[in-house]
Amino acid sequence: MQYALNVLVMGYRPMWSSDRQLAGVQLFLHDSTDEPVDVAHFLRTLEQTWSPTAPRVLLSPQSPALLKNLLVRIHDSPFWALEVRGEWLQWDASLLAYVQNAARKNVRLIWRGKRDALPSAEVANLFTSGLLSIHPQDALEFLRTPPPPEECAFLLERQMYEDLHSQTMLRCCFDRYQASAVVGWPDEDVLFNLRGAKVLHPSHAHVLRLMKAVDADQPLDTFEEILSEDPLLAYRLMLFANSAALGARHPIDSLRRALVLLGYGPLQKWLGNLLLHACEEPDLQPVRQSMVQRAQLTSLLLDAGVSQELRSEVYLCGLFSRLDDILGEPLEESLARLPLSERIPDAALRQEGPYASSLEMAIALENETGAEAVRDLCEQHGMHLETINRTLLRLISSWRSQTPRW
C-alpha cells in the first residue's frame, strides 16, 4: 500500500453559489492500477489540513475501484462529500451495496450524471444532492426558444449543475431553480456577452476597497493584496504607472513599484476616476477569482527558496496568463504593453523559462482529465507528486467559502 499523496494525482474545480461566491471545491482523485492507495491515510490528511472556514470538498474519484475504496473507509464529516457516478451504478451491480453502506454511516453522497438518466426514487434517497449535466439537445432547444420556467422539464430544483456553457442557462438554474451550486463556470459565454456590450473594467468592489485602504493609510502590503485579487485592476495600474503621463525614469515591472511610484495622492485620484466606470457585473466574479486561484497556485508551486520579489513576479505570471480571455485579444499583445520580465511571456506564451513548469502545472491541475499531464510535468521537471498534492490541498484549505447549500 503506497502513501496516498505519492500515488494520487489530484486536480480541482471551483463550485460557485448563486451569489457568485465560492461554494465548495470539486477535488479530482486519479489513482493508478499498479499502486493501491492508502485511502484511510488520505482522509486523515484531509481532515488534518482543513479548517472550519475552508470550503467543503466534493471528492471526485476517477475510477470505480477508488470509489469503492473510499465508500468503505469514508466517514461522515462536514469537510467533504463523496461523488458517485450514475453510469457506474448502472454498469456495476455490486456498487450499490457500497453506496448503501456509506449512506448508513450518514456520509454525504452526491449523485453525478445526466439529467435524463436520473436514478430511481429508492436509489436517489441514498444521496444528499445531485450534480447534474444537461443534455446538449435540451440546452440548444432552451436557448433557441426559451420556454416559461415552469416548462423547463429538464431542470430540477436545488441541485448542482455542471458544464452549462451558457450564461442564460446559468441564470435560469440559479434564479428559477435555486441551484445549490454551479460547477464549471461558463467563462467564455459570460465574457463574450459582456465584451459585446462594453469594454470590461476592473471590479467596482475592488476599486472601492483599495480607495478605502488608501484613506485609512494602510501599508503597501494591503494595497498589493487587493490589487492581486483583480487581474484587470492590476493590469490597468501597471499600464498607468508606465504611461507617458507619469514619466517614470525606469520601467515599472511590479505592482509594488507601481504603488511606490504613484504615492497616496495620485493613486487615490486615479482610483476615483476608475470608480466611475468600474464593473459591477456579478457573473464576472467567478472568472476573476479563478484567475486569482491560478496565480496563487502558480506562485506556491515555485521552489520555496526563491525571494518574495520573484514569488510576486511568478504570481503576476499566473494572474496575467488569461488576460486574452478578458480583453478579447491575443495574450502576446496584452503582455507586450507592459515592461514585464521576459520570464513572464516566456512561460505564458512559449512554455519555457523558469516559471513555465509552475504555470503549466497550475493549468493541468484545473482539468478533470489532467492526470497524464501532471505526471508528465513531474517527470519532465523533476517535480514531486507529494509536493504538488500538499501544495494544492494547502491552498484550497486557505480559501474562504460560504456555508454550502449542498
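What you're looking at is a predicted model. The protein has 22 helices and eight strands, and 53% of its 406 residues are buried. Its radius of gyration is 23 Å, which agrees with the value near 22 Å that a compact globule of 406 residues would have.

**Overall shape and surface**

- Taken along the principal axes, the box filled by the C-alpha atoms is roughly 70 × 55 × 40 Å.
- The accessible surface comes to about 18300 Å², and carbon and sulfur atoms account for 50% of that.
- If you take the contacts between residues at least 6 apart in sequence, 66% of them join residues at least 24 apart.

- Strand β6 covers residues 129-133, and five of its five residues are buried.
- In a regular strand, side chains alternate between the two faces of the sheet.
- For β6, both of those faces are covered. One side carries Ser 129, Leu 131 and Ser 133, the other carries Gly 130 and Leu 132, and all of these residues are buried.
- Strand β5 (residues 109-114) pairs with β6 in the parallel sense, over five bridges. Within this pairing, Ile 110 stands opposite Ser 129 of β6.
- Strand β7 (residues 160-162) also pairs with β6 in the parallel sense, here over two bridges. If you want a residue pair to look at, Leu 131 stands opposite Met 160 in β7.
- Put together, β6 has parallel pairings with β5 and with β7, and its residues are buried on both faces.

**Ser 32 in its loop**

- Ser 32 is found in the loop that runs between β2 (22-30) and α2 (39-49).
- Leaving aside residues up to four places away in sequence, Ser 32 touches Val 7 and Arg 375.
- Ser 32 and Ala 65 are 33 residues apart in sequence, with 9.9 Å between their C-alpha atoms.

How values were computed
Residues are numbered from 1 along each chain as its sequence is written. This is a predicted model: local features need pLDDT of at least 70, side-chain atom pairs count only at pLDDT 80 or more; totals for chains, interfaces and linings use all residues. Side-chain values use heavy atoms; hydrogens and water are left out. Helices (H or I, at least four residues) and strands (E, at least two) are DSSP runs, numbered from the N terminus. The radius of gyration is taken over C-alpha atoms; the globule rule is 2.2 Å times the number of residues to the power 0.38. Buried means under 20% relative accessible area, exposed over 50%, partly exposed in between (1.4 Å probe, protein chains only). Contact means heavy atoms within 4.5 Å. Accessible areas come from the Shrake-Rupley method with a 1.4 Å probe; for residues, only the protein chains shown count as cover. Two strands pair if DSSP finds at least two bridges between them.
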